[in-house]
Amino acid sequence: MEKTLNIYEFVNRRKLTRIAYAAVIEHENYVYCKYFEVNKDYRGEGYGRAIVDDILIAFPDKPLRYTLTSKDSLGTKFWNRYTEDKKVTPIKGLTYEIQRS
């Protein structure tokens with residue numbers, strides 16, 4: 001299977017500002033969130049959660065993998081909150097996989 005890059009983003013068109021952005025690579029057996037960011041001015045408003053929800057909806061039969069930059073980063077805090085009610089499996093190092101049922 002050829003890998004496919006998918007882009008998800010929220011943009012404030014009035015201010016021409018990117019609110020949130022994710023780059024996801026589709027692999028044969030999973031999707032990988034290669035890049036994920038929420039603009040600091042919009043954090044805590046649900047944009048990150050909405051993007052990850054959209055990714056999971058777009059790929060209902062594939063688990064989502066993501067890699068943390070460190071154990072105490074803002075990204076780590078987001079992913080820990082997001083996955084509180086989900087089954088997560090460590091893959092290697094700081095890479096994790098959200099399991100699908």
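Author: Helices (H or I, at least four residues) and strands (E, at least two) are DSSP runs, numbered from the N terminus. This is a predicted model, in which local features need pLDDT of at least 70 and side-chain atom pairs count only at pLDDT 80 or more, while totals for chains, interfaces and linings use all residues. Residues are numbered from 1 along each chain as its sequence is written, and side-chain values use heavy atoms, with hydrogens and water left out.

Reader: What pattern does the protein chain follow along the sequence?

Author: The protein chain contains two helices and six strands. Read along the sequence, these elements give the pattern β-β-β-α-β-α-β-β.

Reader: How many bridges join strand β1 to strand β2?

Author: Strands pair if DSSP finds at least two bridges between them. Strand β1 covers residues 4-12 and strand β2 residues 17-26. One of the bridges links Thr4 with Glu26 in β2. The two strands run antiparallel, and the number of bridges joining them is nine.

Reader: Which residue takes a positive phi in the hairpin of β1 and β2?

Author: Four residues lie between the strands of this hairpin. A phi near 50° is taken there by Leu16.

Reader: What dimensions does the C-alpha trace of the protein chain span along its principal axes?

Author: Along those axes, the trace of the protein chain extends over about 40 × 30 × 20 Å.
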